[in-house]
Amino acid sequence: LTTNTEPNAGAYEGYLMWGSLCYDQYNKKVFLFGGGAMDNDAGSPGTWTLDPSTKTWQKEVLAVEPPPVANAQLVYDPINKAIVLFGGDHFDEIRNETWVYDCVSKVWAKKNPAIRPAPRAGHAFLYMPKSKKIVLIGGHNHQNAAIPEMWTYDVATNTWSLIKRFADNELFTK
């Protein structure tokens with residue numbers, strides 16, 4: 001997919017790295033947010049979608065978007081028809097913000113739950129169909145130290161819950 005309407009075009013010449021992707025089942029498109037280019041790691045291309053049927057990228061023009069971030073994770077919640085973004089590297093600090101993209105209205109909203117995981121990047125982020133919740137596992141902090149924790153997030157109630165804090169290296173050795 002190489003066109004002049006892709007996330008690498010324009011101000012972000014070079015290869016886009018550290019972006020986050022997931023599949024938006026509601027709109028049947030691949031969803032991209034964040035990252036940086038090899039020659040401009042402080043930038044962010046914003047929100048893009050890829051239509052697999054036409055093989056074309058489209059920059060979504062949105063009134064509100066999360067701040068530039070890399071190595072954050074995205075996950076699609078089919079029950080709430082939403083994409084959740086958590087954490088990531090803002091290049092000068094690691095974040096612990098929760099953002100939810102409503103796939104029906106195509107609007108980002110920053111969520112401010114009372115309790116949330118510590119700042120992290122590079123974590124695993126999965127939708128769990130039986131519990132209808134999102135699970136976050138691991139990640140690293142600004143010192144590149146591993147964060148051995150497991151959390152769940154409920155989009156409908158905007159609630160993070162700590163499931164387990166693993167002993168040193170337990171998460172990575174079993």
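Why does Glu149 count as buried? Its relative accessibility is 8%, so Glu149 counts as buried; the term means under 20% relative accessible area, with exposed over 50% and partly exposed in between (1.4 Å probe, protein chains only).

This is a predicted model, where local features need pLDDT of at least 70, side-chain atom pairs count only at pLDDT 80 or more, and totals for chains, interfaces and linings use all residues. Residues are numbered from 1 along each chain as its sequence is written, and side-chain values use heavy atoms, with hydrogens and water left out.

Glu149 sits in strand 13, residues 149-154. Strands are DSSP runs of E, at least two residues, numbered from the N terminus.

Two cavities of 30 Å³ or more occur in the structure. On a 1 Å grid over the protein atoms alone, a cavity is a set of points where a 1.4 Å probe fits but cannot get out; lining residues have an atom within 4 Å of a point. A volume is the space filled by probe spheres set on the points.

| Cavity | Volume | Lining residues, including |
|---|---|---|
| Largest | about 60 Å³ | Asp24, Lys29, Phe31, Tyr101 |

Strand 9 (94-102) gives the most to the lining of the second largest cavity, with three residues.

Technical notes: Helices (H or I, at least four residues) and strands (E, at least two) are DSSP runs, numbered from the N terminus. On a 1 Å grid over the protein atoms alone, a cavity is a set of points where a 1.4 Å probe fits but cannot get out, and a pocket is an open set with protein on both sides within 12 Å along at least five of seven lines; lining residues have an atom within 4 Å of a point.
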